[in-house]
Amino acid sequence: MEGSEDAYVGYMTIRFNPDDKSAQHHNAHHCLEITVNCSPIIDHCIIRSTCTVGSAVCVSGQGACPTIKHCNISDCENVGLYITDHAQGIYEDNEISNNALAGIWVKNHGNPIIRRNHIHHGRDVGVFTFDHGMGYFESCNIHRNRIAGFEVKAYANPTVVRCEIHHGQTGGIYVHEKGRGQFIENKIYANNFAGVWITSNSDPTIRGNAIFNGNQGGVYIFGDGRGLIEGNDIYGNALAGIQIRTNSCPIVRHNKIHDGQHGGIYVHEKGQGVIEENEVYSNTLAGVWVTTGSTPVLRRNRIHSGKQVGVYFYDNGHGVLEDNDIYNHMYSGVQIRLTDSNPTLRRNKIHDGRDGGICIFNGGRGNTSIYNTKVEALEKHGYCSGTVR
């Protein structure tokens, strides 16, 4: 009401339990609603809603800027916290769990500051930003949600810093349909699907994160995905550390990709991208795989100490391999095989392999161009062919 725009509401339980839960009989489907030009403090409250539409807490409109802290928003039959229509606010140290829809929705230029929240065991996504939603998320613990821990869609552009996103029943971070976002210095681990998914013309920045021990891959870029993947430590994942496919074209640089149970970087189905100045090592399969019409540029990488091949082109794999240091693999440093694989190699140093330098065989193209490449410890099997200049 008028005069209560900066009220304090603390140490209360607030419940919305309508007898008729259908949408037609409620003008506002929220347990707690904070609107235009209101900036209350909501402190140590328990907030519950059994209404199946709307949200438990709705913050909407220009100038809506509450402080919500130490609250418990759980066991609701809808969205937990919904921030929309240019609303802002500070949300700290809350527990948001076991809600039927997302723990947090941010849309339509909502721009909250969300720190140290515990967002878990949701029956949907943990945090969902969409339709130009923004926000700064810091030091949150997001885990065991049924869908992704963090989803970004439709021009949303959140900043997510030093959060833990883990044990998701599907993926960790899902960016799609032209989503953006900056994900910086997070720990992303033990998710059932990929730690990070990027697809459908999305273009996020994934920088300085630890992405590890996933039940599938580390970073998965597909369906015309883009993005900057920079300075991350990606390790111990069940599938490839980074997978690029179906016309996706990210920039991948300055990452460590290591100790995976599969390959390091897997580029297939017309995958593209610039892959430069990474260290790829100690992976179970090839350090880098390029296949099925893919054309990445791999430049100035250190690819070493793998348990199979260093760089493997097969089944119509193409691209450019230049100025890389490739060494100490169980098999050959570079292997080119099967129908029409035809990469270009320039100025690489390939050495100390236990089973060959460059091997071209089993239908690999004989006109592969190899320029100014220093090859030591030549192959025992197959042969080095093509134009060596």
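Strands, like helices, are DSSP runs numbered from the N terminus, with at least two residues (E) for a strand and at least four (H or I) for a helix. The model treated here is predicted, so that local features need pLDDT of at least 70 and side-chain atom pairs count only at pLDDT 80 or more, while totals for chains, interfaces and linings use all residues. Residues are numbered from 1 along each chain as its sequence is written, and side-chain values use heavy atoms, with hydrogens and water left out.

**Exercise 1.** Locate E276 in the secondary structure, decide whether E276 is buried or exposed, and list its contacts beyond the neighbours within four places in sequence.

*Solution.* Begin with the strand: E276 belongs to β34, which covers residues 274–276. Next, take the accessibility, where buried means under 20% relative accessible area, exposed over 50%, and partly exposed in between (1.4 Å probe, protein chains only); with 13%, E276 counts as buried. Finally, contact means heavy atoms within 4.5 Å, and by that criterion E276 is in contact with V252, R253, H254, R299, R300 and N301, its neighbours within four places in sequence being left aside.

**Exercise 2.** Describe the salt bridge between R300 and E277, and state which network of salt bridges includes these residues.

*Solution.* A salt bridge is a side-chain nitrogen of Lys or Arg within 4 Å of a carboxyl oxygen of Asp or Glu, and the structure holds 20 of them. For R300 and E277 the N to O distance is 2.8 Å. This pair links distant parts of the chain, 23 residues apart, with R300 in the loop between β37 (297–299) and β38 (302–304) and E277 in the loop between β34 and β35 (279–281). R300 is partly exposed at 38% relative accessibility, and E277 is partly exposed at 34%. The network of salt bridges links E276, E277, R299, R300, E322, D323, R346 and R347.

**Exercise 3.** Examine the salt bridge between R347 and E322, giving its N to O distance, the placement of both residues and the accessibility of R347 and of E322.

*Solution.* The side chains of R347 and E322 meet at 3.7 Å, N to O. R347 sits in the loop between β43 (344–346) and β44 (349–351), whereas E322 is in strand β40 (residues 320–322), so the pair ties together parts that are 25 residues apart in sequence. As for accessibility, R347 is partly exposed with a relative accessible area of 41%, while E322 counts as buried at 9%.
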